[in-house]
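Q: Please take a close look at one part of this model for me: a set of paired strands and the charged side chains around it. I'd like the cut-offs spelled out as you go.

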Amino acid sequence: AVLPLSFDYGQNQLLSTWYAGACAVPLDYLFPRDVAKACAKYGVTTLAAVPPLWVQLTEIEWPADAIADIRRLTNTGGALTRELVRELRARLFPMYGLTEAFRSTYLDPELVDTHPTSMGKAIPFAEILVVDDEGKICAANEEGELVHCGPLVAQGYWQDAARTAERFKPAPAGSRYGGTAVWSGDRVRRDEDGFLYFVG
């Protein structure tokens, strides 16, 4: 795990790995090359990182034994550039998430070449809506706010009612789940085929 365990995605790497009965390899690395060496030494199959680290990892030479066992790469913490997606595309699962709902979307690696800048579609049990400034569901290719609805949404911020009220609001009228949703503040658009794209 190259992500801090205090970071929601870093902690999830540890907990979901244990839940699956797999082995986690915590790594306190100094240089990107240390990550590659650890992948070779421990036969790492899944590597999760944030875009600044992916940039560093694509700038080093990876020995064959460092990539031999890798089956998937996952990204969090920011959007990937088209160039970075090209570097990683063979094994990359581009993902988008919110701390308040953890993971929201993913893109199947088979679709990366045809949708290199897409955040993909909702993960199971997540409802991801694109909502305009009036609270209505946006039409295809219309920019709006990403709103995450459903059972994966947190109950709010711990002992912080004011901040909770800012982000955790009733789901838009078009939601199939209803209840409380997290209004991300992120601007996205959804194309005609349902693929989401980060705008800002």
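A: Happy to. Two strands count as paired if DSSP finds at least two bridges between them. The strands themselves are DSSP runs of E of at least two residues, helices are runs of H or I of at least four, and both are numbered from the N terminus. Please bear in mind that this is a predicted model, in which local features need pLDDT of at least 70, side-chain atom pairs count only at pLDDT 80 or more, and totals for chains, interfaces and linings use all residues. Residues are numbered from 1 along each chain as its sequence is written, and side-chain values use heavy atoms, with hydrogens and water left out.

Let's start with strand 8, which spans residues 144-149. On one side of the pairing list is strand 7 (residues 127-131): strands 7 and 8 run antiparallel and are joined by 5 bridges. Within that pairing, Val130 has Leu146 of strand 8 as its bridge partner. Strand 8 also pairs with strand 10, again in the antiparallel sense, over 4 bridges. Strand 10 covers residues 180-190, and there Trp183 stands opposite Val147.

How many residues of strand 8 are buried? The count is 6 of its 6, so the strand is mostly covered, where buried means under 20% relative accessible area, exposed over 50%, and partly exposed in between (1.4 Å probe, protein chains only).

Now for the charges around these strands. Side chains of opposite charge can pair when their charged atoms come close. Here a salt bridge is a side-chain nitrogen of Lys or Arg within 4 Å of a carboxyl oxygen of Asp or Glu, and by this rule the model has 4 of them.

One of them is between Arg187 and Asp133, with 3.4 Å from N to O. It links distant parts of the chain: Arg187 belongs to strand 10, while Asp133 sits in the loop between strand 7 and strand 8, 54 residues apart. In accessibility, Arg187 is partly exposed because its relative accessible area is 23%, and Asp133 counts as exposed because its value is 66%.

Another one involves strand 7 directly. Glu127 forms a salt bridge with Arg176, and the closest N and O atoms are 3.9 Å apart. This pair, too, connects distant parts of the chain: Glu127 lies in strand 7, whereas Arg176 is in the loop between strand 9 (168-170) and strand 10, 49 residues apart.

Asp160 is partly exposed, with a relative accessible area of 24%, and Arg163 is partly exposed at 42%.

To put the picture together: strand 8 pairs with strand 7 and with strand 10, and its residues are buried. Around it, Arg187 of strand 10 is tied to Asp133 in the loop between strand 7 and strand 8, and Glu127 of strand 7 is tied to Arg176 in the loop between strand 9 and strand 10.
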